[in-house]
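Me: I have a structure to go through with you. Could we take it piece by piece?

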Amino acid sequence: MDPLLNITRRHFFRNCAVGVGGSRSRRCSRTPRSARRRVQTVELSTQTRGFHLQPRAKNVIYMFMAGGPSQLELFDYKPKLIELNGKPIPDSMIAGKRFAFMDSSFKDRSTLLGTRRKFAQYGKHGAWVSELFPHHAKIVDDIAIVKTVATDVFNHAPAKLFMNTGSAQFGRPSMGAWVTYGIGSESQNLPGFVVLLSGPRGPRGGAVNWGSGFLPTVHQGVPFRSSGDPIVNLSSPDGISPQHQRATIDAVNALNAKRLAATGDAEIQTRISQYEMAFKMQTSAPELCDLTGESQATLDLYGVERGKPSYAQNCLLARRLIERGVRFVQLYHTNWDSHGGPGETLEKTSKPAARSRSGQRRTRHGPETTRPARRHLVVWGGEFGRTPMGENRTSTGRNHHIEAAPCGSPAAARNRASSSAKRTNSASAPSKTAATSTTSTRRSCTCSASSTRS
Amino acid sequence: MGVGQVKHTWRTSKGEDRYRRGLYTFTFRASLHPSLATFDAPDAITACTRRIRSNTPLQALNLLNDSAWMEFSRSLAQRVLNADGLSDEQRIAMAFRLATSRQPQPDELQLLAGLLKQMREDYRSDAKDAKAVAGAESSEGEKAGDVAAWTLVARAILNLDETITRE
């Protein structure tokens, strides 16, 4: 057949313009050798060229608290705000600023709202932590609390996209896609970038939050389900043995390889790798998700109830994933959107988060894994923070606030940062950091509060 | 969370509704059908001007192992087996053309014929597996082995990048 007949218009133009289809498709193949070579290259170049900051982390766990957790109820203690509770917000603080839901925030000129949570200081650095995170009292010296992160966008979906990709419009690669594109993954049996979901619904924006944008799709995040089995269709249909499955995948891949040669479409290379990965996951994923080998003590530490999908279970899964060489694990937990509407209570949302976070860290230091925490970067945060004004719905909560954004807390950075409002480039980098700690102090006099009824 | 944002459970339809095109199925904006979610369909709450590219091992698992896809494969197998007076190669070519709108190249045909031969040997000697693949309504013995082998060939064809991707 005439080879031109097999080439689509899109691929013809792409190949004319760049002519790198072949080399790119080799690049995204997932053979152990190429992955190892890429890791070695990165290590070598850091030694020879020398970064100003020596990279140490090998894996990332990014816990995304979807909805926008209230900094004022968790880490950011503002006594002045408590003093000003019930006073109208000064014009100087809101002049020229935009907030989401202008109506509900300004209909009856909302007033300042001091936190109703109890705060206390913990650890060597005297970090303030609220009663909602009781387990953090014990580990607070090991986390860096960044209070100066700000963002540009105040609606959930674009704000999430901005945190993940650096752009509020979709089409750009997410952080996990960049990381696995840059340095590959050490796991050959599981995807390099895994997304774990929990809570009443998926995060706003959905799949674009972990998309690969213009990078090959082999780098996109692979989402596990939030209910039922984490992965569906893992077992072959009745009557199809592993040998039959293997023979089928061999035939499919061989035919796809012919198609790749004929069209030069790099996406077919991804398809071939993903069928290989699917076959491997039929064995590796049940082993990964099987928690029967975990001790009751570990399950209690995380707050996992056997057979019940939860954020806690995802935290444990995240640990198991990075133990198996997965490069980037992102957890999404809903719903942190504590406006004060029905069911939007911080208590309900923060409880599993509180326990699991401490479990996450403590387990990594426990006897079962002796690897130092610095090999894993743990990031915690949402898409924005909450306003100092109260918002009256069913109960009083807080609105979205872009200037006091997520309390990112990279555990691996603990030697460098204390827990106060240092000017730090958060590891959740696409967002910009605010200028000084004074601004952050002033601005974060917010508070939210959750409804009194749950 | 407001109305329409709660999780909805998907149940397999019964009777003739089961065979209706997905196009006519009611969707729920906060609860995509699991298969759609696997294929990273956009969240129906946010405007979507363009689908993202998406290609994951979970999609491969869905196309290979989902019971609906097994049923599609079985039906395609039955359809080519029911065609009168065709050789194996002609039947493979027919299935291939139905899926991809083109005739297979000789080497492609050969590859699929190889798969058919291997599967036929296996399933003719294993009645239990053959019956599980071919479905309860298929007849016993050699016939079931044949349907099972053809089902696997049809399944391979339905899993081709060319079948599931529209350029």
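**A loop residue and its surroundings**

Me: Where is V232(A) found?

Reply: V232(A) lies in the loop that runs between β5 and α10 of chain A. Please keep in mind that this is a predicted model.

Me: Is V232(A) buried or partly exposed?

Reply: V232(A) counts as partly exposed, because its relative accessibility is 26% and buried means under 20%.

Me: What does V232(A) touch?

Reply: Not counting residues up to four places away in sequence, V232(A) touches R225(A), T38(B) and L61(B).

Me: Let us turn to the sheet. What is the strand order in the open sheet of chain A?

Reply: The five strands of this open sheet are arranged β5-β4-β6-β1-β7, with parallel pairing.

Me: Which strands stand at the edges?

Reply: β5 (222-224) and β7 (376-381) of chain A do; each has a single partner strand, so one side of each is left without a neighbour in the sheet. From one strand to the next, the twist averages 15°.

Me: How many bridges join β4 and β6 of chain A?

Reply: Six bridges join β4 (residues 193-198) and β6 (residues 328-333) of chain A, in the parallel sense. Within this pair, V195(A) has Q330(A) in β6(A) as its bridge partner.

Me: Which strands does helix α8 of chain A touch?

Reply: Helix α8 (residues 156-165) of chain A packs on the sheet and touches β1 (59-65) and β6 of chain A. The direction of α8 makes about 165° with that of β1(A).

Me: What about the strands β2 and β3 of chain A, parallel or antiparallel?

Reply: Strands β2 (residues 119-122) and β3 (residues 127-130) of chain A pair in the antiparallel sense over four bridges. F119(A) stands opposite S130(A) in β3(A). The hairpin has four residues between the strands, and G123(A) there takes a positive phi near 75°.

Me: Now the helices. How do α10 and α11 of chain A cross?

Reply: The axes of α10 (residues 242-263) and α11 (residues 266-289) of chain A come within 8 Å and cross at roughly 170°. α10(A) and α11(A) are therefore roughly antiparallel to each other.

Me: Which residues meet in that contact?

Reply: On the α10(A) side they include I249(A), V252(A) and L260(A), and on the α11(A) side I272(A), Y275(A) and F279(A) are among them. The contact residues of α10(A) with α11(A) divide into ten nonpolar, six polar and four charged.

Me: Which residues of α9 in chain A are buried?

Reply: In helix α9 (residues 175-183) of chain A, the buried residues are M175(A), G176(A), A177(A), T180(A) and Y181(A).

Me: Which residues is L196(A) in contact with?

Reply: Leaving aside neighbours within four places in sequence, the contacts of L196(A) include F224(A), L317(A), L321(A), V329(A) and L331(A).

Me: Lastly, is T100(B) buried or exposed?

Reply: T100(B), in helix α4 (residues 88-100) of chain B, counts as buried at 11% relative accessibility. Neighbours within four places in sequence aside, T100(B) is in contact with E162(B) and T163(B).

Key:
Residues are numbered from 1 along each chain as its sequence is written. Chains are lettered from A and ligands numbered from 1 in the order in which they are written. This is a predicted model: local features need pLDDT of at least 70, side-chain atom pairs count only at pLDDT 80 or more; totals for chains, interfaces and linings use all residues. Side-chain values use heavy atoms; hydrogens and water are left out. Two strands pair if DSSP finds at least two bridges between them. Helices (H or I, at least four residues) and strands (E, at least two) are DSSP runs, numbered from the N terminus. Axes are lines fitted to C-alpha atoms, for helices over the stretch in contact, and angles run from 0 to 180 degrees between N-to-C directions. Contact means heavy atoms within 4.5 Å. Angles under 35 degrees count as roughly parallel, over 145 as roughly antiparallel, 65 to 115 as roughly perpendicular and the rest as oblique. Ala, Val, Leu, Ile, Met, Phe, Trp, Tyr, Cys and Pro count as nonpolar, Asp, Glu, Lys and Arg as charged, and the others, Gly among them, as polar. Buried means under 20% relative accessible area, exposed over 50%, partly exposed in between (1.4 Å probe, protein chains only).
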